[in-house]
Amino acid sequence: MHSWTFDDMPDLSGTTAVVTGANSGIGAVTALVLARSGARTILACRDPERGARALQAVRRAAPGSDTRLVGLDLADLSSVAEAAGHIAKETDGSLDLLVNNAGVMALPLLRTADGFEMQFGTNHLGHFALTHHLLPLLGTGGMSRVVTVSSLAHRIGRIDFGNLDAARGYDKWRAYAQSKLANLLFTAELQRRADEAGRPVLALAAHPGLSATELGQAGPRLAGRTWAAKLERATRVYTQPASAGALPTLYAATLPTALGGSYYGPRLLGGTRGDPGPARMSARAQDMDTARTLWDESARLTGTPADAI
């Protein structure tokens, strides 16, 4: 089988893409490759200074590209709505690709601006709300794609509808796994609804395997464990670089034969590294009853219409 690389990226001239969390790691690589391939690329970043540096880095590496920066804090629904408004102005009313990439992992118990448990609120609810706000832009110029980044950790995840807000106990890894399972259930239900409505939207998911990014350092730093953050950096010798971790996302974003609801990741060593291909989903990630219930509950929590698509 042919190994898919950045050289297989198609010409994306005339398309518009949004990448959340584009200031570092997999998101930064994804944004750069999209810009190099000709897409008008909008970097949606929480930190203004880091976002500005990332924007300049993309412009240096992809001279002549049309790149823009929009502020986005997925842990604040008012910021999500405001960012969607700015994106609408930058896209001229049409969006071809939304990459829901940003995320947090294994944090101590924290709350979003709206009171949600931080990992579920950022990784799932923030992207759920952003996608809803951007639905009017998707599919207006032909087939659009929504690619949401999940994780191998989804395989141990369970959706605990009785404790989504962590009021009855909290475990940072269970919460992370739940949020990544939610990403896959969201993808499945978005595709089901798009198909039912006849909307030209492909909902897909990807995971990076084990990749060296800053994701694993935020939790130890917030918990005051600098030694744990240093240990996490040391373990990067066993992981693949962020550039390799971005391949499944870009594969899902551009593969001509991709089917809605598909999930992609590295193909080697149990999905931890290697070139991209179809990835294995847990049985819970394919439970459409749970997907429907999660959609309705997410719409209620975020104040978005459940029947938006």
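Arg68 is partly exposed, at a relative accessible area of 23%; that label covers the range between buried, under 20%, and exposed, over 50%, with a 1.4 Å probe and protein chains only. This is a predicted model, where local features need pLDDT of at least 70, side-chain atom pairs count only at pLDDT 80 or more, and totals for chains, interfaces and linings use all residues. Residues are numbered from 1 along each chain as its sequence is written, and side-chain values use heavy atoms, leaving out hydrogens and water.

Which residues does Arg68 pair with? Arg68 forms a salt bridge with Asp66, the closest N and O atoms being 2.7 Å apart, and another with Glu90, at 2.5 Å. A salt bridge here is a side-chain nitrogen of Lys or Arg within 4 Å of a carboxyl oxygen of Asp or Glu. Arg68 lies in strand E3 (residues 67-71) and Glu90 in helix H3, so the pair ties together parts 22 residues apart in sequence. Helices (H or I, at least four residues) and strands (E, at least two) are DSSP runs, numbered from the N terminus. Glu90 is partly exposed too, at 24%, as is Asp66, at 30%.

The largest nonpolar core has 45 residues. Such a core is a set of buried Ala, Val, Leu, Ile, Met, Phe, Trp, Tyr and Cys residues joined through side-chain atoms within 4.5 Å. Helix H5 (172-197) is among the elements supplying at least two residues, and H5 gives the most, with 7. A second, separate core has 35 residues, including Leu12 and Leu202.

Overall, buried residues make up 56% of the 309 in the protein.
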